[in-house]
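Biologist: Please take one part of this model and go through it closely. I would like a single connected account, with the cut-offs given as the terms come up.

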Amino acid sequence: MADATMQARTAEATEGREDSESYSSLLELFKVRMREFLREPEALFWTFGFPLLLAAGLGIAFRSRPPEVAKVAVLASAPAADSTARMLATSSGIDAQVLNDSAAARALRTARVALVVVPDANGGVEYRFDPSRPEARTARLVTDGVLQRAAGREDVYEVREATISEKGARYIDFFIPGLLGLNLMGSGIWSIAFAVVTARNKKLLKRLIATPMSRVEYLMSFMLSRLVFLVLEVGALVGFGMLVFDVPMRGSWMALSLISLVAALAFGALGLLVSSRVTTVEGASGLGNLVMLPMWIFSGVFFAASNFPAAFQPFIQALPLTATVDALRATMIEGASLMSQMGELALIAAWGVASFALAIGIFRWR
């Protein structure tokens, strides 16, 4: 009986020491990850500096501006070219100039004008423009309206205008949540993948095989280090957008925080998966680009993902960055509740769990 009691106490003590050693290993690894990050000025720039500079540049480029003036060329060799140009000049929304054939063709080809107007001798007019350019279609409609009224057409009903400028409808409002998702993906995949591959390339991982640390503890240390900078990363970008460009935050901060947390963990797991077997920095760069490039293009960071054909949509909607960006935009711009974003959160979490499990399974020290 005494022997059984002694064995039980010994087992408990051994288990307690193992738990303590496991906690100590994870803590030390976490400290190492933090020191590595803080000693890399490039990592600090790409995590904090670059997103703010990109947001500032695009925010200035797409700031609220007066209505654009349609740039139009009237062909000089056409009949009544001068009188047509004078008619167009009566509209404040048109900047008309008379150009010869070669100059007009070159201006249209180089997008210096959106439309070329060619009056004919019978009182008609020909419009030359590229219908794939939105500004060209707008110029065509505005120009035709001016010329038709000058020729005697009358509007059959009275028109009133009520201009509206609302936060949330601007491009910068659309872009900031997309940039936040892009930054979560980039910092999660790049920072972790390069750190693991660099350690493997320098034979540092080989030395860790002899320690009692498990691969789970080693990989988890990278995930935990990502969370430390998550608050600063999200707070800096969202705060910058709100203070500088008055980007709205209509949803709850708790929902935004949870979406960012799940996304950061998922992309961190993808970074571990990318680096689980790669032995060179060049290999990690190529594989990382292969993973991220489809999401850069298709996930709706810079423009709506709905612009792609319907046949692409199942693939696009299955991407973790698409779910992240959609959830962030719905929370910030539309004020959506956390419960309404559970589908997106489940998809992001599934990517994270699957990537981390696969990374553990195929990870190698050498």
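**Helix 11 and its surroundings**

Modeller: Helix 11 packs, through its buried residues, against helix 6 (171–201), helix 10, helix 12 and helix 13 (320–332). Contact here means heavy atoms within 4.5 Å. Helices (H or I, at least four residues) and strands (E, at least two) are DSSP runs numbered from the N terminus. The model is predicted, so local features are taken at pLDDT of at least 70 and side-chain atom pairs at pLDDT 80 or more, while totals for chains, interfaces and linings use all residues. Residues are numbered from 1 along each chain as its sequence is written, and side-chain values use heavy atoms, with hydrogens and water left out.

The residues of helix 11 that count as buried are Ala284, Gly288, Met292, Met295 and Phe298. Buried means under 20% relative accessible area, exposed over 50%, and partly exposed in between, with a 1.4 Å probe and protein chains only. An α-helix has 3.6 residues a turn, so residues three or four places apart point the same way.

The helix has 18 residues, and its C-alpha span from one end to the other is 26 Å, close to the expected 26 Å at 1.5 Å a residue. The expected span is 1.5 Å times one less than the number of residues. Helix 11 also has a kink of about 35° at Met292, shortly before the proline Pro294. That bend is the angle between axes fitted to the seven residues ending at a position and the seven starting there. Just after the helix, Gly300 has a positive phi of about 80°.

A nonpolar core is a set of buried Ala, Val, Leu, Ile, Met, Phe, Trp, Tyr and Cys residues joined through side-chain atoms within 4.5 Å. The largest one holds 43 residues, and those touching the most other members are Leu180, Leu184, Met185, Leu256, Phe267, Leu321 and Met332. Two or more of its residues come from each of helix 6, helix 9 (230–245), helix 10, helix 11, helix 13 and helix 14 (342–362). Setting aside residues up to four places away in sequence, Met185 touches Phe267, Met292, Met295, Trp296 and Leu321. A separate core has 15 residues, including Val72, Ala81, Ala114 and Val146.

Ser260 belongs to helix 10 (residues 253–275). Ser260 counts as buried because its relative accessibility is 1%. Beyond its neighbours within four places in sequence, Ser260 contacts Leu180, Leu184, Leu230, Val234 and Leu328.

Rings of Phe, Tyr and Trp (its six-membered ring) pair if their centres lie within 6.5 Å; planes under 30 degrees apart count as stacked, over 60 as edge-to-face and the rest as tilted. Under this rule there are six aromatic pairs. One of them joins Phe298 and Phe315 edge-to-face, with 5.8 Å between centres and 85° between planes. This pair links distant parts of the chain, since Phe298 is in helix 11 (residues 281–298) and Phe315 in helix 12 (residues 313–317), 17 residues apart. Phe298 is buried at a relative accessible area of 17%, whereas Phe315 is partly exposed at 43%. Phe303 and Phe308 form a tilted pair, 5.8 Å centre to centre with 40° between the planes. Phe303 counts as partly exposed at 39% relative accessibility, while Phe308 is buried at 18% relative accessible area. Ring pairs join Phe298, Phe303, Phe308, Phe312 and Phe315 into a cluster.

The loop between helix 9 and helix 10 contains Ser252 and Asp246. Ser252 is partly exposed, at 36% relative accessible area, and its C-alpha is 8.4 Å from that of Ala336, 84 residues apart along the chain. Asp246 has a positive phi of about 60° although it is not a glycine.

Of contacts between residues at least 6 apart in sequence, 75% join residues at least 24 apart.
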